[in-house]
Amino acid sequence: MDRIITYQIEKEYKDIRSFLKEKRYPKAVRSQLKQNLENVKKNGEATPLYKPLVPGDVLEVTIEEMQKPSMNLRPLDVSIDVVYEDDD
């Protein structure tokens with residue numbers, strides 16, 4: 001499920017990237033936003049990250065759920081008791 005975050009801009013920023021850095025968005029998320037312009041909307045319109053922000057702008061950021069599982073996960077060697085099981 002995607003997550004949509006809306007910001008009311010209160011001060012001037014030279015670009016949207018600066019705003020996202022100030023809000024501590026990770027570099028991976030900023031890269032994802034740069035690649036898909038529909039995920040960043042300024043005043044309701046898709047906007048590239050190099051555009052400036054001024055007070056009164058409304059910025060909407062859509063963060064897509066990651067689809068790939070982490071490759072660092074390892075199975076645990078643990079035994080469990082199955083209490084209930086069905087076809088699902």
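1. In this predicted model, D87 counts as exposed because its relative accessibility is 83%, above the 50% cut-off for that class.

2. The salt bridges come to 3 in number. One of them joins K11 and E22, whose closest N and O atoms are 3.3 Å apart; this pair links distant parts of the chain, with K11 in the loop between strand 1 (3-8) and helix 1 (16-22) and E22 in helix 1, 11 residues apart. K11 is partly exposed, at a relative accessible area of 44%, and E22 is likewise partly exposed, at 42%.

3. A further salt bridge brings together the side chains of D15 and R17, at 3.6 Å from N to O. Here D15 is buried, its relative accessible area being 8%, whereas R17 counts as partly exposed at 34%.

4. D57 and K42 also form a salt bridge, with 3.9 Å between the closest N and O atoms. Since D57 lies in the loop between strand 3 (45-46) and strand 4 while K42 lies in strand 2, the pair ties together parts that are 15 residues apart in sequence. Both D57 and K42 are buried.

5. N39, in the loop between helix 2 (27-35) and strand 2 (40-42), is buried, with a relative accessible area of 6%. The side chain of N39 is joined to that of E64 by a polar contact of 3.1 Å.

Notes
Residues are numbered from 1 along each chain as its sequence is written. This is a predicted model: local features need pLDDT of at least 70, side-chain atom pairs count only at pLDDT 80 or more; totals for chains, interfaces and linings use all residues. Side-chain values use heavy atoms; hydrogens and water are left out. Buried means under 20% relative accessible area, exposed over 50%, partly exposed in between (1.4 Å probe, protein chains only). Helices (H or I, at least four residues) and strands (E, at least two) are DSSP runs, numbered from the N terminus. A polar contact is a pair of N or O atoms within 3.5 Å; within protein, one must be able to donate a hydrogen and the other to accept it, and residues adjacent in sequence count only if both atoms are side-chain atoms. A salt bridge is a side-chain nitrogen of Lys or Arg within 4 Å of a carboxyl oxygen of Asp or Glu.
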